Amino acid sequence: MPEIALKGIPASDGISIGPSFRYIPVDLAIPEFSPGTADEEMARFNVARDHAISELQELREIVFERAGEEEAAIFEAHQVMLQDPALESRFREFVESGQTAEGALDKAVKELAGMLSGMGDELFAARALDVKDVGRRLLRILLGLPDTALDAVTEPVIIMAEDLTPSDTARLDPQLTLGFVTERGGLTSHSVILARTLGLPAIVGMGDGFLENIPNGTLVILDGDSGELIVSPQENNVDRYIRTRQQRLRQRQILQEAAEKDAYTSNGRRVEVAANIGDVETARIAVENGAEGVGLLRTEFLYLEDTKPPSEERQYVAYRAIFEVMGERRVIVRTLDIGGDKPPTYLPFPQEMNPFLGWRAIRISLEEQDLFKTQLRAILRAAHGFSGSIMFPMISDLNELRRAREIVEIVKEDLARESIPFASDVPVGIMVETPAAAMLVDLLAQASDFFSIGTNDLTQYTLAVDRGNPKVAGLFQPLHPSVLRLIKQTIDVAHNHGKWVGMCGEMAGMTKAIPILLGMGLDEFSMSPRAIPTAKNLIGKLPDHKTQQIAAQALSLPTAADIEAYLQTVLNELVD
Ligand code: PEP
Ligand code: MG
């Protein structure tokens with residue numbers, strides 16, 4: 001067979017080389033026979049369900065051993081799905097209308113899965129796969145068949161399948177599985193999440209029909225980083241991938257070591273590398289990637305998920321869970337930053353020509369004080385016993401900051417009067433994301449304990465370029481000299497007033513920008529969790545005297561394009 005190179009969606013990192021094994025799930029055809037009474041069919045369903053729950057318990061234990069509690073939780077969710085009253089009552093309706101248990105189950109599952117996948121959301125579509133998985137399990141048990149998924153594999157192979165359910169993936173024996181490739185599937189499916197935890201390289205979404213031409217036992221190379229699949233590779237390609245795999249493993253090892261240590265520049269200046277997160281799940285990923293704290297906790301998710309504002313208790317539970325995951329590390333909670341581009345239904349949003357210049361962030365909080373106070377109460381309570389800070393978004397003058405701080409004080413007094421435990425000594429800072437704030441750091445320093453530069457908005461407002469408009473995306477240049485001057489000015493002035501300065505805009509995680517930001521003296525870099533290991537590794541290679549020269553040189557250049565090009569050469573030299 002000649003070499004063929006194919007491409008799918010890279011789903012789980014790593015390179016594997018080995019023989020293919022095509023996984024075809026047992027055909028669960030629904031037999032035609034006359035049903036018993038509705039009660040008899042219902043009783044069959046109940047027996048099968050109990051059996052399925054105990055099978056899932058066994059799977060939970062296997063996955064718990066191999067991958068840990070979090071991954072095992074999916075099978076707990078499957079157990080819960082089996083007990084879903086909606087599924088049961090729909091099932092009952094079908095058996096009462098004269099269906100067999102098998103037929104009723106098939107219909108009820110298809111209905112529920114169809115509804116989930118029709119919602120047009122990737123996450124719901126992934127849940128539809130879970131529902132089908134649970135349905136297949138029940139059907140197999142009703143048909144009296146054993147759970148034989150993937151038992152036929154006897155040597156290390158790369159699994160090829162149309163799709164893999166979470167149950168299939170959980171049953172994969174790590175000793176015998178080099179990776180998997182599927183025709184369908186998305187990046188948020190539980191199979192992919194499990195593959196990442198188990199360190200199994202994987203590619204999904206190869207497209208229907210790709211399996212047709214690959215006989216079992218064909219040698220394949222699977223590159224989970226790029227999504228490339230090479231079928232029947234030539235010998236030189238096999239050698240090349242073996243070398244690439246070794247290089248990547250070495251690189252990963254270096255990054256892993258950097259991630260585990262606190263960040264210092266090569267001359268020993270301590271720099272904090274923190275994470276931007278929005279929920280407890282990302283908090284866990286942040287810790288795994290070596291986050292030394294949370295530089296930005298976006299709280300918007302709580303406000304956009306419902307048709308009413310989140311209660312104090314709902315927020316308390318969400319924030320507390322995040323503090324618990326982060327332990328002793330500092331967590332900076334940013335207060336509400338919603339606006340007219342994504343208006344929640346419960347706030348009186350006017351029709352706005354320019355929502356980003358409109359009723360947004362702190363402007364809403366200062367007008368809707370009950371909403372603001374509820375959030376502050378939840379944050380202060382959740383931070384009790386932890387290292388929390390509060391940060392206000394979109395501040396543009398001292399008056400706004402003072403009014404916001406006054407409300408924090410009122411909330412503290414209320415909590416004290418009600419004898420509710422709360423963190424009384426929480427530092428309060430602001431985001432520097434309007435050019436106005438960047439120009440007024442000397443004044444704002446009177447009332448701000450720290451500053452965090454939000455380059456996403458700072459770039460948008462400085463350059464008058466809508467950050468979400470693809471038509472002007474090319475003009476959105478965080479490395480524009482005007483933005484860099486404002487950043488430098490912010491850091492210098494804040495330091496003169498004894499305040500630390502972080503950055504939580506996307507620029508903090510850009511490898512190109514890190515040398516120049518270090519040279520300007522930035523104290524904290526907060527970024528998406530997966531960017532942390534690379535950033536820490538880079539910081540550790542750079543001495544201050546060199547980054548200061550880089551910053552000075554970059555600031556002397558006239559355009560963003562010149563600065564970009566210069567920083568690229570700096571990076572290339574570092575990599576060599
Ligand atoms: C920013 O503006 O840089 C920032 C971090 O905030 P957000 O992206 O949430 O507006
Ligand atoms: Mg912002």
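## Salt bridges and a magnesium site

A salt bridge here is a side-chain nitrogen of Lys or Arg within 4 Å of a carboxyl oxygen of Asp or Glu. Asp106 and Lys110 are separated by about one helical turn because they sit four residues apart in helix 4. Helices (H or I, at least four residues) and strands (E, at least two) are DSSP runs, numbered from the N terminus.

A quick word on where this comes from: this is a predicted model, where local features need pLDDT of at least 70, side-chain atom pairs count only at pLDDT 80 or more, and totals for chains, interfaces and linings use all residues. Residues are numbered from 1 along each chain as its sequence is written, chains are lettered from A and ligands numbered from 1 in the order in which they are written, and side-chain values use heavy atoms, with hydrogens and water left out.

How open are the two partners to their surroundings? Buried means under 20% relative accessible area, exposed over 50%, and partly exposed in between (1.4 Å probe, protein chains only). Asp106 has 24%, so it is partly exposed, while Lys110 reaches 55% and counts as exposed.

Glu111 pairs with Arg90, and their closest N and O atoms are 2.4 Å apart. This one links distant parts of the chain: Glu111 belongs to helix 4 (residues 101-117) and Arg90 to helix 3 (residues 85-96), 21 residues apart. Glu111, at 37% relative accessibility, is partly exposed, and Arg90, at 27%, is partly exposed as well.

Now over to the strands. Arg330 and Glu272 meet through their side chains in a salt bridge of 2.8 Å, N to O. Arg330 is in strand 11 (residues 330-334) and Glu272 in strand 9 (residues 272-277), so the pair ties together parts 58 residues apart in sequence. Arg330 is partly exposed, with 21% relative accessibility.

Salt bridges can also join up: Glu300, Arg334, Asp337, Arg360, Asp457 and Arg467 are linked in a network of them. Altogether, the count comes to 39 salt bridges.

Which residues coordinate the magnesium ion (ligand 2)? Glu433 (OE) and Asp457 (OD) do, at 2.0 to 2.1 Å. Donors are N, O and S atoms within 2.8 Å of the metal (3.2 Å for Na, K and Ca); water is not among the atoms, so sites may look incomplete. Both Glu433 and Asp457 are buried.
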